[in-house]
Amino acid sequence: MSLFFDAVWFDARLAARKLDRTALAIAVGIEPAELHRIFTHEREPSAEELRVFAQVLDSDLVEVTLKCGVATRAASEGADSGDRISDI
């Protein structure tokens, strides 16, 4: 299951493009209720859904994957938490 789905980030990106969650669901080809399940951690998005999210939000696929909580940044060998924070 998702580590953390950043719904606030998604809503802000959608608003900046004058879109809403319904528009995102339509673009992805799923029902708004199914998108709600993704936003509330009831299911993870598929690889294709992540790709469409990135396209609609005009964002990098890696960033979208991180914001969906299905991936994390790997710590560099020998790096401390300060290095990881500055890397974000």
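**Entry 1**

I began with R21, which is partly exposed at a relative accessible area of 31%, where buried means under 20% relative accessible area, exposed over 50% and partly exposed in between, with a 1.4 Å probe and protein chains only. I noted that the model is predicted, that local features need pLDDT of at least 70 and side-chain atom pairs pLDDT 80 or more, while totals for chains, interfaces and linings use all residues. Residues are numbered from 1 along each chain as its sequence is written, and side-chain values use heavy atoms, with hydrogens and water left out.

I then looked up the partner of R21 and found a salt bridge with D11, the closest N and O atoms being 2.8 Å apart; a salt bridge is a side-chain nitrogen of Lys or Arg within 4 Å of a carboxyl oxygen of Asp or Glu. This pair links distant parts of the chain, with R21 in helix α2 and D11 in helix α1, 10 residues apart. Helices are DSSP runs of H or I with at least four residues, strands are runs of E with at least two, and both are numbered from the N terminus. D11 counts as partly exposed, at 30% relative accessibility.

**Entry 1: other salt bridges**

How many salt bridges does the rule give? I found that the count comes to seven. I looked up D6 next, which forms one with K67, the closest N and O atoms being 3.7 Å apart. D6 sits in the segment before α1 (7-16) and K67 in helix α5 (residues 61-68), so that pair also links distant parts of the chain, 61 residues apart. D6 is buried, with a relative accessible area of 17%, whereas K67 is partly exposed at 24%.

I also checked E49, which forms a salt bridge with R43, the closest N and O atoms being 2.8 Å apart, and I noted that both residues are buried. Salt bridges with shared partners join E34, R37, E42, R43 and E49 into one network.

**Entry 2: α2 against α3**

I returned to α2 (residues 21-28), which packs with α3 (residues 32-39) at an angle of about 105°, their axes being 9 Å apart. The axes are lines fitted to C-alpha atoms, for helices over the stretch in contact, and angles run from 0 to 180 degrees between N-to-C directions. That angle makes α2 roughly perpendicular to α3, a word that covers 65 to 115 degrees, with under 35 roughly parallel, over 145 roughly antiparallel and the rest oblique.

On the α2 side R21, T22, L24 and A25 make the contact, and on the α3 side P32, L35 and F39; contact means heavy atoms within 4.5 Å.

Beyond its neighbours within four places in sequence, A25 is in contact with I30, E31, P32 and L35.

Which residues of α1 are buried? I found A7, W9, F10 and L14. Seen down the axis of α1, these fall within an arc of 160°, so they line one face of the helix; the arc is that of the directions from the helix axis to the C-beta atoms. Their cover includes α2, α3, α4 (47-57) and α5. The face turned away from the buried side carries the exposed residues V8, A15 and A16. Just after α1, I noted that K18 takes a positive phi of about 60°.
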